[in-house]
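Let's take a walk through a protein model together. Have a look at the sequence and the 3D picture, and then we'll go strand by strand.

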Amino acid sequence: MWRNILISITIMFFGCNCLGKEISSHNRMFDACSRVQVGIQESVYQDSRELLLSRLYLNSKRLKKVKESLDIPGKAMDELLNYYKGRESVSHPVKRITNSIRSENSVDESDFKIANDALEHVFVGQRAYPPHFCGDDINWNTRPVADMEWVWQLNRMYFWNAMGKVYAKTGDEKYVKEWCLQVVDWIEKNPNDAEHNYAWRSIEAGIRGYSWTTLFYRFIQSPHFTPEVLVSFLNSCYDHAEFLMTRYRSGSNWGLMEAEGLAFIAFTFPEFKNAVKWRTEAIRRLNNEINLQVYPDGHQRELAIGYHLGCINWFYRTYELAMLNNRAGAFPESYFEKIELMCEVPMKLCFPDGTNVQFGDAWAGQPGQHSDNFLTWAEWFERDDFLYLATDGESGTAPNQTAFALKESGLYSMRSGWDKNATCLVLKCGPDGGGHCQPDNGTFSLYSGGRTLMPDAGSYIYSGDPEGRNWFRQTKVHQTLTLNDENSGYKPDLLLWQPGNDLDVLVVENKAYENLTHRRAVLFVEKKYFIIIDEAIGTGTGNVDIHFQLAPGKVVHENEKYYVYSEFSSGTNVFVQAQEQVGLQLSEEEGWVSYEYTKKELRPTFRYRLIKEKKDEALRFVTLVAPFEREIPKIKVELVGNSKVGSDKIQFKINENGTEKLIAYELK
C-alpha cells in the first residue's frame, strides 16, 4: 500500500512515473521524483545530504569534483554517485565472486524463491520457520513466533543477499528497485535507540556491515541506485561503524562479526574521515581474537562446529579484503597459519559422509555439506587432503591419519578409514565453551556404514521455548556418566592418547562433580569395535548411571543380559552390551534427538545403573559398542586380574568368534 501511495504522489505532483523511469545523474541537478520514489522528504534529504558531506574527507583528490560542486548540493551528490559508479581504487571480494566460473552455479531455486518473496515483503527471518508477510508498509519488528531469533534474523536481511545474487544472475532491475525502497525504509524506521534494540544488537549491526558492502557492489551500477539512496545508505553505514566502535564482545563469535562489519565498512568506504580509525581497530581486534579464541589445536573456543566454521569465514574475509587492498601486512603470518589449522577441524572431527557431530549448539547438516569449503581451502593452502575430501576421493590424497586428538579443545576422533562407510567415533571431554556448550564431558557420537548410529542429542532451539532448550542441555541426555541425574561440570584431563595400527586408546577424566570424577577409556579394537571403560572415582554416593542413546528406529532390549541393539532393516546396526556385575541395572529412558533447529524426534535411550552406597566405594562399567551389518557380533570382554578402579594399568581378554587375544593400556 505504501508503495502505491508514493507512486500516486509522484504522478500527482511531478507528472511522471519515476519508478519506471531510468534517471541519468549526469545532467540532473536535483530530481524530486527520485526522492519521492524512496519515500524521502525534501527537508530530510537536505539534512541527510549535509550530514554526509560533513563525514567525508573532501580534500581527497578522488573527491575533487564533489568538493567543487558544494555550492550546488544536488550536483555534488550526482558527482559523488558518479564517483562510486566509476571507482576502481577499492577492491572487494564480490568482484571476484561475480567474475568466477564457480559463481555461475551459485544461484539456486531457493535463492529465486527467497528473492521473489522479498519483492512482496514476504521475508525469511529464522530459516526454520516459514517466510512471513511483514506488511505493505513493512514492520521490521514483526514477530510471528515467540522465538526472538526470528526478528533478530529478519534484521540481518539475508533475503537481500538472495536479491543481490539473483540480480547478478539475471540483470532484472526489479530486484534493485525494490531493494532501494526497502533499504531506505529500514533506515528511516530504525534509528539506533532503545525502542529499536531488536534491530541494533551489535551482532546484527556487524552482519549488516559486511553484507551491505556486498549489496553495494551488486547494485551500484543500476539506474535505480540514485543519489538519494546513496545518501541514506552511506549515512547508515557510517552510523553502523561508529556504533560498532563502541561494541567489542571479546572472546565470543560476536566480537568477530562486530570486527568484520567494522572492517568491511572501513575498507569499502575509505572516503569517510574516520575510515582509517575504523580499519585499524577492526584489524587490531581480529589479530587479538584469533589468539584468544582459537586453541593451539585449531578449534574455536565455543566448541560448536557451526560457530567454528563461521569463525573461519569471519577471520578470513577481512584478511582477504586486506590483501585485495594491499593491506595484508596488517596481519602476521601466524594469522593465516591459524586459519589453516581451523580448516583442518572438520576434516578431523566430521563424520565420513560430511555430517557434523552435534556437540553443543550444533546440527548435523547434510552429507557432503563441506565439499565446497574443502575445495576453497585446498586452493588457499595447496592441500591435497582437502582436495581429496572435496572431490570424494577422485582427486588429491587421503589424509595420512585416522586418529586425531585436539587436546586443548578436548575433542578426539578415531576412524577406520576415509570412505563414506568407515566407522568413526568422536568424543568430547573439554573445557567450558560458554553459552553454546553443554555439560556433556565424556560424551561421544558413533557413525558406521553410512549412518550415524549413536548421535548426540543436539540443541533443538535457542529462544522461545526455555523448557525445550533446557531439556537438551542436561548431562543425562548425553552418552556419559551422571551422579543422581545432576548436570556435570567441566574439569577435563587427558590421561592417555595412544593411536596405533590395530588399537587406538584414549583415556580422559572429568571431575564431573565436586566429590566424583568420571574416568573414561575408549579402546578402538582392530578398527572394528569399541570397548568403553567408565570409572566413578571419589566419595560421592547415589545413583551412578552411564547413559547411551541410539538413532531413531526400532531396538531390541535384553535387560537381563544387559544389551541393546538397533534393528534397522538393512545396512549397519550397533550392539551395546555391558559386562555383567552384581547390582547392575539396565532400563530405558526418555529420549529425543534434534537434527534441525526447532525439530525433534523420539529415539531409543537407556542407562546402566550402579548404586554407590559408600564413600570409599569405587565403581567400574565395561561396555562393548560394536557396529555390525548382518549378524550380532560374538564378542566377549573379560577383565584380567584384579586391577582396582582408578588403576594405571588395565588388561582385557577378548574372545571374538572363538579367537582370544589380550589388549591393555597403561597410563604413563
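Predicted model: local features only at pLDDT ≥ 70, side-chain atom pairs only at ≥ 80, totals over all residues.

Residues are numbered from 1 along each chain as its sequence is written, and side-chain values use heavy atoms, with hydrogens and water left out.

So, is R607 buried or exposed? It counts as buried because its relative accessibility is 12%; buried means under 20% relative accessible area, exposed over 50%, and partly exposed in between, using a 1.4 Å probe and protein chains only. If you skip the neighbours within four places in sequence, R607 is in contact (heavy atoms within 4.5 Å) with D545, I546, H547, Q585, L586, S587 and E589.

Now zoom out to the sheet. Strands of a sheet pair through backbone hydrogen bonds, either parallel or antiparallel. Here, four strands form an open sheet in the order β8-β13-β20-β17, with antiparallel pairing; two strands count as paired if DSSP finds at least two bridges between them. At the edges you'll find β8 (481–483) and β17 (585–589), each pairing on one side only. β8 is joined to strand β13 (residues 542–549) by three bridges, and L483 stands opposite V544 in β13.

Next stop: strand β11 (residues 516–525). Ten of its ten residues are buried, so β11 is largely enclosed by the rest of the structure. Both of its faces are covered: on one side L516, H518, R520, V522 and F524 are buried, and on the other T517, R519, A521, L523 and V525 are too.

What are the partners of β11? Strand β10 (residues 503–513) runs antiparallel to β11 and is joined to it by nine bridges, with V507 partnered by A521. These two strands make a hairpin with two residues between them. Ten bridges join β11 to strand β12 (residues 529–538), again antiparallel, and V525 has Y529 as its bridge partner. That hairpin has three residues between its strands, and E526 in the turn has a positive phi of about 50°.

Finally, look for the open sheet of three strands, ordered β22-β23-β24 and paired antiparallel. β22 (635–640) and β24 (659–666) each have a single partner strand, so one side of each is left without a neighbour in the sheet. β22 pairs with strand β23 (residues 649–656) over six bridges, and E638 stands opposite K653.
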